[in-house]
Every structure is written in C-alpha cells, then in structure tokens.
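This report walks through selected features of one protein model.

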Amino acid sequence: MARRRVRATSELTGRILHRKSLTYAAWVACLCALLPSSAEAGLYTASDQIILLTSENAESVLVNSSAATVVEFYVSWCGHCVAFSPVYKSLARDIKEWKPAVDIAAIDCSGGNNQKFCISNKIRGFPSIKFFHAYSTNESGGVRLRDFARDVRSLRHKIIDKLENHGEPWPPACPPLEATSQAEIDSFFETNNVQHLALIFEDPASYIGREVTLDLLQFDNIAVRRVLSTEESLVTKLQVTEFPSCYLYYRGGNFTRLKVNIEARTFYSYALQRLPGVVRSGKPPPVSPELLTNTTEEPWRPFNKSRVYMADLESALHYSLRVELAAHTVIEGGAFTSLKNYIAVLAKYFPGRLVVMNLLKSLDLWLQNQTAHQITYEGFKGILENSAQAPDTALPEGVRWVGCQGSQPHLRRYPCGMWTLFHVLTVQANVAGGSNPQEVLSAMRGYIHNFFGCRPCAEHFENMAEAIGLEVTTLPSAVLWLWSRHNVVNNRLAGALSEDPLFPKIQWPSPEMCPACHAVSYNREHSWNMKGVFPFLSSYFSSSRILTDYLEDESLILKKQKEKHASLQEALAAKKKEERRRAREALDLMMHPPTSQPTVQEEEEEEPQDETAAGEVEGKSSEQASWAKPEMEVGHVQQQAHKKLSIVGMRIREPQEDIVDLDSFVNQHYKAEALQMAAASLVKQRTLQRQEEQEPGPVFGLGMELDAGLGMVGLQPMDTEFEQDVRQQRKQRQKRELIGQFFSEETNVRHGGRWMSMLNIGFSKLDISLCVILYFLSSMCLLAMYLFFKKRLRLRRTKTALP
C-alpha cells in the first residue's frame with residue numbers, strides 16, 4: 001500500500017458510560033410504545049453526532065462516498081435496540097475524530113419507505129450493524145459486523161479491522177494502519193513535511209497504535225506510526241523496554257519519550273494533540289496570551305485556569321438578565337414559570353457579593369408576589385435596576401470576562417459563563433443540602449428552553465435533559481450529570497468554528513489538572529474515577545475558592561447606580577415637561593389659530609360664483625378693503641354702492657337686505673360640520689354668508705332695538721369713524737368664535753346644549769343678557785295684551801247677554 005501523508009487526531013474520549021439494565025431497557029421500550037411521537041422520531045437525534053438515514057438520503061450517503069460508513073439498522077419499538085442505543089451514541093462520540101475516514105449512521109426500519117430499504121439490505125433482525133466500504137456501489141450491500149460484545153471497545157476494534165482490510169480504493173482521508181519498519185522510519189522525513197513523528201510501540205494484539213493514529217487524523221504537523229514489539233531494530237535503537245509506550249522521533253534521528261500519566265490511548269492522544277505546532281486542520285494556530293492584548297477589543301486579563309472567577313459569574317448574570325431577557329417584551333405562561341424558578345435558584349444558591357445577593361432576593365420576592373401569569377420586561381427591569389433605590393442593592397453593568405475570555409471577541413464568553421454558573425449552583429445546592437436534587441437542573445433547563453439565544457444549542461440541551469428525571473436522584477448525581485453532559489457538548493463541538501484554538505474542547509478535567517479523575521481498566525480502556533471526579537468538582541466550584549480579581553468596587557457600583565437613577569429621573573422630568581409644553585402649544589393653537597386673511601384672488605378661487613358679481617374689487621386684500629359711509633334712504637331696498645356689512649364685529653360682504661333674520665342666519669351659518677372643524681370655520685362662514693348674498697347693500701351695524709312682535713334685529717348703517725373699532729372687534733370676534741366652538745362641542749352631548757351653543761357663537765355675554773331680558777319683556781307684554789283682550793271680550797259678552 002502506498003504511503004500516505006498522515007493527519008491524525010484524538011482527544012480525551014473517556015466518559016461516563018451509562019449502562020442500562022435489562023429492566024430499565026424494557027421500561028424504556030414500553031414508554032416508547034406508549035408515546036408514538038417519540039417512536040416516530042427514532043432513537044437518535046442530530047445531537048448524537050449520528051447521520052440519520054432515510055430511504056431518500058441513504059443512497060447519497062452510502063454510494064460513492066469517500067468515507068467508510070457504519071450503519072445501525074433498528075426499530076424503535078425493539079427493547080434490545082433501545083438498550084443498545086446508549087452504546088452506539090457513545091461509539092459515535094468516541095470515534096468522532098475519525099471523520100472523514102469513518103462515518104456513523106443509523107436508520108429506523110419501523111415502517112414506510114425505510115422498511116423497504118432495510119429489506120433490500122437483507123435485514124431480518126434488529127439491531128443489525130453493517131460496514132459499507134468507501135466508494136460503495138448500488139449493488140454493494142455492506143458487510144455485517146458479527147461476533148462482538150455490545151460495548152464501545154469491541155465495536156471500535158471491529159471497525160479498525162474492516163478499515164485495515166479495506167482494500168482498494170482506500171479511503172483517501174484514512175492514514176496507513178499497518179505496522180511500520182526501520183526502513184520507512186529512516187526515510188520518513190524525506191517524503192513527509194511534518195514536525196513530529198510519534199512511534200507507538202505495542203504488542204501485535206494491541207489496537208492502541210491504530211486508535212491513536214485515527215485519533216490524530218484531523219490534526220496537522222504530526223504523524224503517528226505503529227511499531228510492533230517484534231521490530232527489534234527500532235526497539236533496540238530507541239531502547240524501548242515497555243509496551244505500550246510512545247516516543248517522539250525527529251529529523252536527524254533524535255528521539256524522546258512522551259511523558260503521560262498512564263500508558264493508554266486516551267493519554268497518548270491528549271498529549272500529542274498539545275505538542276508545539278500541532279493544530280487542527282483548517283484552524284489557525286493559537287495566539288499566545290502576550291499577543292492578545294493588541295488583537296482584542298478588551299485588554300487581556302491573565303488568569304489561573306484552575307480557578308473560578310466571580311467576574312465571570314456576574315458577567316453571565318448581567319448578560320442573562322439585561323440582554324437575553326430584554327428580547328422578551330412580555331413574559332407569560334411557561335416562560336414566566338421558568339423565569340421564577342431561575343431567579344429563585346439564583347437567590348438561593350448564588351455565592352455572590354452582598355449587593356448582588358440583595359438584588360437577586362428583591363427580584364425573587366417581586367416575582368413571587370406577582371398574582372398575574374405574566375409580566376412585562378419593563379416591570380422586571382425596574383426591579384433589576386433598583387428603581388426604588390433600596391440600600392446596598394445592585395448588579396454591576398457590563399461584562400468583565402476573565403476565566404471565560406476568548407482569543408477573539410466572538411469565542412467562549414457568555415456560553416462559558418453560563419456553564420460555569422450552573423456548575424457552581426449545583427455544587428452549592430449539594431453543600432446547602434437542598435431537598436430537591438433536580439431543582440437547579442430543572443431551572444437551567446427551563447431557562448435555556450425559553451430564553452437562551454442560541455436555539456440549536458437549546459434544542460441539543462433539551463435532548464440531553466430529557467433523561468434528568470431518570471438519572472438524577474441525589475444531589476451528587478446532579479453535579480455529576482451536569483459535568484458529564486458538559487463533556488458531551490465539548491466532544492460534539494470539538495473542531496467546530498466556535499472552538500477557540502487557545503482553549504480547545506477537551507474531556508474535562510484534563511489528566512494534568514486532575515490525575516485522580518482518570519483511570520484505566522484491565523484492558524487499558526480509559527474510564528473516569530468517580531471517587532476522584534466528585535471531590536474535584538466540589539472543590540473546583542466551591543464558593544470558598546472563587547477568586548474576586550478584576551471585580552468592580554461595590555461603592556463604585558452603587559455610585560454609578562445612583563447617578564444613572566438621577567439621570568433617568570432628570571430625563572423623565574424633561575420628557576414630562578416637554579409633553580406639557582407641547583400640550584400648551586396645541587391648546588394655544590386651538591384657542592388662537594394664526595390669522596391669515598385670504599386675498600381677493602384666493603377668495604375668488606374658493607368661490608368662483610362671486611366673479612360675476614357687479615362691482616367686485618380685484619387685486620386687494622380683505623384687510624385693505626375700503627369702508628365708506630353710505631347714503632341711505634328710508635324704503636330703499638337695493639343700493640347701488642357696494643358696501644360691507646358688520647354684525648357685532650363680524651364682517652359680512654354685500655348683504656342684500658337691511659333686515660337679517662337672526663334665527664335663519666344662525667341655523668344656516670353654524671352647522672355641526674363647522675363646529676368640528678375650528679381651523680376651517682372662518683372660510684365656511686364666508687361661504688355660507690355669500691350664499692345668502694345676492695345683491696350688494698350698504699354697511700350696517702347691529703342696533704339694540706328689538707321688534708317685540710317679530711323678534712328681529714334691526715341693522716343700522718355704519719359710519720367710517722367706527723372702522724378702527726370694527727377691526728379691533730374683528731380680532732375679539734375670532735377668539736370668541738373658537739371659544740364658543742370649543743364649548744359647543746362639549747355641550748352638544750347634553751340635552752338642550754345645541755341651542756345654547758348657537759346663541760353663544762359670535763355674541764358677548766352682554767348681548768345675550770340683553771336679548772334674554774328683551775325677549776322676557778316682550779313675552780310679558782304679549783301676556784298682558786292677551787289677558788287684557790280676554791277680559792274685555794268677557795265683559796262684552798256679559799253686556800250682550802243682559803236684557
């Protein structure tokens with residue numbers, strides 16, 4: 001087989017393997033049978049890093065693929081399939097770094113078109129696993145994997161056997177898996193441009209060398225070769241005495257032994273991935289912290305990787321409460337319940353400073369006292385910003401990432417802060433001895449489901465959180481559950497674009513950080529030592545070990561809060577003042593509109609019928625119209641001179657009659673439309689007046705004489721000496737018109753208000769009072785005349801009846 005340039009990878013892949021008992025498997029199978037929707041969804045999701053095959057996409061995945069593919073055929077109602085699914089998920093996580101040489105897929109054969117595809121592949125029992133070679137054809141049915149224990153290690157070894165015996169065409173991404181020789185090592189650097197060559201010495205039956213080779217597949221600048229213990233020349237040259245063991249070989253024949261805690265696959269892969277110059281394919285090399293000061297928006301803050309910082313926890317709270325929640329204008333229903341639980345857990349277990357704890361307790365008390373099933377964020381924000389100015393109550397604004405800072409502004413930060421926050425809460429709940437072991441995890445689940453901004457992340461977490469009810473029964477189990485799921489997420493995101501090259505996603509804690517957390521079984525398979533993991537987590541996230549470096553001083557926080565509150569109050573007062581000013585301006589505009597007298601030309605455009613009127617004066621404004629003293633003869637009905645009329649200061653053009661019927665004038669002149677349109681009232685008044693006018697007449701003034709019999713107002717000619725008084729009265733009349741219109745709109749709603757509003761328009765209180773008095777006197781006169789004539793008629797009848 002031709003030599004190939006090797007790119008390999010690995011990461012700490014040991015993790016908790018939840019082995020289900022047969023009783024538990026049967027219970028889950030019954031549950032799946034009772035819930036059709038879950039059965040239809042299958043046993044796997046995209047979060048499991050397994051390709052979900054269907055009859056539609058199976059051909060595109062399996063046929064002519066450059067990678068070999070392992071496929072599980074299952075039915076979701078099968079109890080054994082359900083029991084095997086955790087093992088298959090663990091396999092997918094364990095060999096994640098083997099892509100793109102090997103892919104892991106699964107298909108549900110429960111029914112429909114998928115069932116036809118399974119039948120075409122001669123699947124009769126479930127679960128069944130087949131290995132499809134790279135560049136398979138439509139006729140290729142795959143190779144069934146048989147005779148293996150139902151665990152990750154056995155499956156992994158079966159896959160390696162199939163790859164090693166793959167034949168041509170070889171998967172292009174897969175490195176050579178056969179053992180190397182002295183001759184190949186001597187000429188290796190002549191044909192390969194890599195910095196490190198790792199030689200793993202092992203027994204012929206061992207799989208560690210091939211596993212590490214595939215683990216380093218996705219990494220550049222390193223190659224891994226397997227050397228058997230029977231290769232005496234190399235064993236002697238490097239003075240190898242232990243099997244397995246790993247040596248680093250360099251140009252010129254120099255070599256050194258790789259130091260690891262335990263001689264096993266996981267420790268080899270972890271150590272090799274962190275050698276100088278080794279980077280993941282397609283990723284930029286990590287930037288040293290010394291250079292980050294000039295490449296990021298914020299100054300780099302040196303920190304201790306083995307400690308938790310309160311600055312990260314407070315920054316996570318700030319972003320959670322002030323940014324993510326602010327996206328929800330109204331919080332109601334399940335989201336409101338989740339928010340209450342989230343704040344309650346924070347107020348109960350957050351190991352914060354006094355000012356922060358006071359604020360969290362205020363929020364919790366306010367939420368618990370809400371009787372409605374919803375709140376607005378504005379109301380929540382009022383408590384969050386301490387609008388009541390309670391003493392020693394504040395949450396620092398802004399973020400100051402320390403242990404969660406990233407090499408780039410878009411890396412780590414808030415997600416890291418939230419993970420750290422909930423790890424701290426689970427540990428504090430265990431220390432406090434809470435009664436509900438699922439309290440913190442349920443609050444975390446509700447918050448992420450309803451408010452976490454990354455919706456795919458929320459869906460992935462929800463898929464994992466479905467098992468909380470079955471797997472978390474004690475407070476320590478809640479701490480371990482969150483830790484194990486965090487490692488699952490790290491495994492899924494390793495190599496993703498969101499991974500920070502300075503802080504790669506690993507199975508945490510690393511062997512350097514917690515040697516007691518790692519162990520190997522008799523077959524050198526990595527495992528987690530729970531007796532070492534739980535004490536480590538309890539100590540790492542303990543409130544006593546949280547560092548307060550880079551925190552803002554409490555007095556400064558309170559001072560900034562008071563200044564912000566004062567500025568908000570000033571802004572609110574200024575806003576109210578501006579609103580009052582605008583209201584006054586609007587009222588003034590309504591009461592005193594701008595007096596823009598239209599020109600004669602504009603009046604002609606408004607009323608074209610006036611163009612035919614004899615003696616029309618053109619080119620002059622209404623303000624410049626001349627007022628002449630008319631010569632009036634008694635009995636004349638028509639006048640030749642064209643004069644203007646005035647009724648109590650209101651200019652009336654070209655009246656026809658000397659006598660005006662006031663009732664008719666009011667009924668026609670002040671209609672409901674004119675009362676509702678104050679701005680257009682003056683123009684409409686002129687229009688109604690001109691509709692009454694037919695012939696020109698002299699200028700008249702309203703006299704105080706009242707004809708008791710007819711109820712008419714007499715008009716007297718006006719002299720030119722009253723011209724200035726008329727102009728002054730005109731301004732007063734405009735104000736009275738608007739005032740009368742305003743009050744008339746209010747009185748229209750009341751009974752009898754319409755007639756009073758008509759009498760108010762255009763007349764002063766004195767005018768109305770005189771009219772009322774005169775009408776009253778005339779009524780008395782009429783009553784007296786009626787009584788007089790009635791008595792006289794009665795006397796006359798009496799005389800006629802006498803003999």
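Strand β6, residues 196-202, pairs with β9 over five bridges in the antiparallel sense. Within this pairing, L199 has Y247 of β9 as its bridge partner. The model is a predicted one.

Strand β9 also pairs with strand β10 (residues 255-257), again in the antiparallel sense, here over three bridges. Y247 takes part in this pairing too, with R257 in β10 as its bridge partner. Five residues separate β9 and β10, which together form a hairpin. In the turn of this hairpin, G252 has a positive phi of about 85°.

How many of the five residues of strand β9 are buried? Five of the five, residues 245-249, are buried, so the strand is largely enclosed by the rest of the structure. In a regular strand, side chains alternate between the two faces of the sheet. For β9 both faces are covered: S245, Y247 and Y249 are buried on one side, and C246 and L248 are buried on the other.

**A five-stranded sheet**

Another part of the model holds an open sheet of five strands, in the order β1-β3-β2-β4-β5, with mixed pairing. Strands β1 (51-53) and β5 (143-144) stand at its edges; each has a single partner strand, so one side of each is left without a neighbour in the sheet.

Helix α5, residues 112-120, lies across β1, β2 and β3 (102-108), and runs at about 120° to β3. Helix α6, residues 152-164, lies across β2, β3, β4 and β5, and runs at about 30° to β4.

Although K122 is not a glycine, its phi is positive, at about 60°. K122 counts as exposed, with 62% relative accessibility. P127 lies in the loop between α5 and β4 as well. The peptide bond that joins F126 and P127 is cis, with omega at about -10°.

**Backbone details elsewhere**

A cis peptide bond also leads from W508 to P509, with omega near 5°. P509 is placed in the loop between α21 (475-493) and β14 (518-520). Y550, which is not a glycine, has a positive phi of about 70°. The loop that holds Y550 lies between α22 (530-540) and α23 (554-591). Y550 counts as partly exposed, at 31% relative accessibility.

**Disulfides**

The structure holds four disulfides. Numbered in sequence order, the bonded cysteines of the chain pair as 1-2, 3-4, 5-6, 7-8. The table lists the sulfur distances for some of these links.

| Disulfide | Distance between sulfur atoms |
|---|---|
| C404 and C416 | 2.1 Å |
| C454 and C457 | 2.2 Å |
| C514 and C517 | 1.9 Å |

The link of C404 and C416 is left-handed, with -65° about the S-S bond. C404 lies in the loop between α16 (377-384) and α17 (414-432), while C416 lies in helix α17, so the pair ties together parts that are 12 residues apart in sequence. Are these two cysteines buried or exposed? C404 is buried, with a relative accessible area of 2%. C416 is buried at 18%.

For C454 and C457, the torsion about the S-S bond is about 65°, so this disulfide is right-handed. C454 is partly exposed, with 30% relative accessibility, and C457 is partly exposed, with a relative accessible area of 36%.

The link of C514 and C517 is right-handed, with 75° about the S-S bond. C514 counts as buried at 6% relative accessibility, and C517 is buried at 0%.

C78 is buried, with a relative accessible area of 10%. A further cysteine, C781, counts as partly exposed at 47% relative accessibility.

Conventions:
Residues are numbered from 1 along each chain as its sequence is written. This is a predicted model: local features need pLDDT of at least 70, side-chain atom pairs count only at pLDDT 80 or more; totals for chains, interfaces and linings use all residues. Side-chain values use heavy atoms; hydrogens and water are left out. Two strands pair if DSSP finds at least two bridges between them. Helices (H or I, at least four residues) and strands (E, at least two) are DSSP runs, numbered from the N terminus. Contact means heavy atoms within 4.5 Å. Axes are lines fitted to C-alpha atoms, for helices over the stretch in contact, and angles run from 0 to 180 degrees between N-to-C directions. A disulfide is a pair of cysteine sulfur atoms within 2.5 Å. Buried means under 20% relative accessible area, exposed over 50%, partly exposed in between (1.4 Å probe, protein chains only).
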